[in-house]
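Reader: I am new to protein models. Please show me how to read one, feature by feature.

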Amino acid sequence: MGFVCLLEVCAFGSTVRIMPLGDSITRGYYTGVTASTYNGYRKELKLLLEAGGYEVDFVGGEEDGNFTDKQHEGHNGWHADQAGTDDDILGRITGWLTATPADIALLHIGTNDILMEEENADEVSDILDNIFAANSNATVVLALIINADPDGTGWNSNRYIRVSTYNSNLNVMAEARIAAGDDIILVDMEHGAGIDYASADMVGFHP
């Protein structure tokens, strides 16, 4: 059987199933420019992949956006782990992957944990455990999460520092897992995505 290499990830078969996974930054957020469409990064990514000739299928139990193939698992206000509540990814990821299996997960999580001062890279590692348990051949594109608009409501210098510290801890955790054989691609969304945090395109901590 032939295989296609997608963004340095090789997967057997013709269509690569991708699960966008995280909080409102994954779901999308109303910018105030047009009617609320909640595309997030997903629409632009889908267009870029299609333009590159890749056959992909976004998967998940949620649907938002004004484009086709708009499935995802992005949930407003959710945490990496918030046991005993209805808003934690760790407690639900296995069920989601059972319902909609994925070859690749795009994981950006931690902003709401930082708002509550409960961020923990080990919780993200637990999510990774569940992803690889569901599919040992999965690839996870793991974000070092974005920071925020300096004037964002509820954001302050302490939280800026916490984002950077959290990202450092994510990096250490993920590099150890990569060294042990996990298929993880780290993406530095805080510093490497060209985000202008003072731009009007930032709405609080939503790009």
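This is a predicted model: local features need pLDDT of at least 70, side-chain atom pairs count only at pLDDT 80 or more; totals for chains, interfaces and linings use all residues.

Author: Residues are numbered from 1 along each chain as its sequence is written, and side-chain values use heavy atoms, with hydrogens and water left out.

Reader: How many helices and strands does the chain have?

Author: Helices (H or I, at least four residues) and strands (E, at least two) are DSSP runs, numbered from the N terminus. This chain has 6 helices and 9 strands.

Reader: What share of the residues counts as buried?

Author: Buried means under 20% relative accessible area, exposed means over 50%, and partly exposed is in between (1.4 Å probe, protein chains only). Here 44% of the 207 residues count as buried.

Reader: How do I check the span of helix 6?

Author: The expected span is 1.5 Å times one less than the number of residues. Helix 6 covers residues 157-179, which is 23 residues, and should span 33 Å. Its end C-alpha atoms are 33 Å apart, which agrees. Gly181 follows helix 6 and has a positive phi, near 115°.

Reader: Which residues of helix 6 are buried, and what do they pack against?

Author: The buried ones are Arg159, Val163, Tyr166, Asn167, Leu170, Met173, Ala174 and Arg177. The buried residues of helix 6 pack against helix 4, helix 5, strand 8 (139-144) and strand 9 (184-188).

Reader: How is the packing of helix 5 and helix 6 described?

Author: Two packed helices are described by the angle between their axes and the distance between the axes. Axes are lines fitted to C-alpha atoms, for helices over the stretch in contact, and angles run from 0 to 180 degrees between N-to-C directions. The axes of helix 5 and helix 6 come within 9 Å and cross at roughly 35°. The contact involves residues of helix 5, including Ala121, Val124 and Leu128, and residues of helix 6, including Tyr166, Leu170 and Met173.

Reader: Where are the nonpolar cores, and which residues have the most contacts inside the largest?

Author: A nonpolar core is a set of buried Ala, Val, Leu, Ile, Met, Phe, Trp, Tyr and Cys residues joined through side-chain atoms within 4.5 Å. The largest has 35 residues, and Leu107, Val124 and Ile131 have the most contacts inside it. Elements giving two or more residues to this core include strand 3 (16-22), helix 3 (93-99) and strand 7 (104-108). Helix 5 gives the most, with 6 residues. Leu107 touches several residues, among them Leu21, Val124, Ile127 and Val140. A second, separate core of 8 residues includes Ile18, Leu49, Val56 and Ile104.

Reader: How many salt bridges are there?

Author: A salt bridge is a side-chain nitrogen of Lys or Arg within 4 Å of a carboxyl oxygen of Asp or Glu. The count comes to 8 salt bridges. In one of them, Asp64 pairs with Arg27, with the closest N and O atoms 3.1 Å apart. Asp64 lies in the loop between strand 5 and strand 6 and Arg27 in helix 1 (residues 24-27), so the pair ties together parts that are 37 residues apart in sequence.

Reader: Which residues are linked in a network of salt bridges?

Author: Lys46, Glu50 and Asp69 are. The closest N and O atoms of Lys46 and Asp69 are 2.7 Å apart. Lys46 is buried, with a relative accessible area of 8%.

Reader: What is the phi of Asp69?

Author: Most residues other than glycine have a negative phi. Asp69 has a positive phi of about 60°, although it is not a glycine. Asp69 sits in the loop between strand 5 (62-63) and strand 6 (71-74). At 15% relative accessibility, Asp69 counts as buried. Glu117 also has a positive phi, about 55°. Glu117 lies in the loop between helix 4 (111-115) and helix 5 (121-134). At 45% relative accessibility, Glu117 counts as partly exposed.

Notes: Contact means heavy atoms within 4.5 Å. Lists of a residue's contacts leave out its neighbours within four places in sequence.
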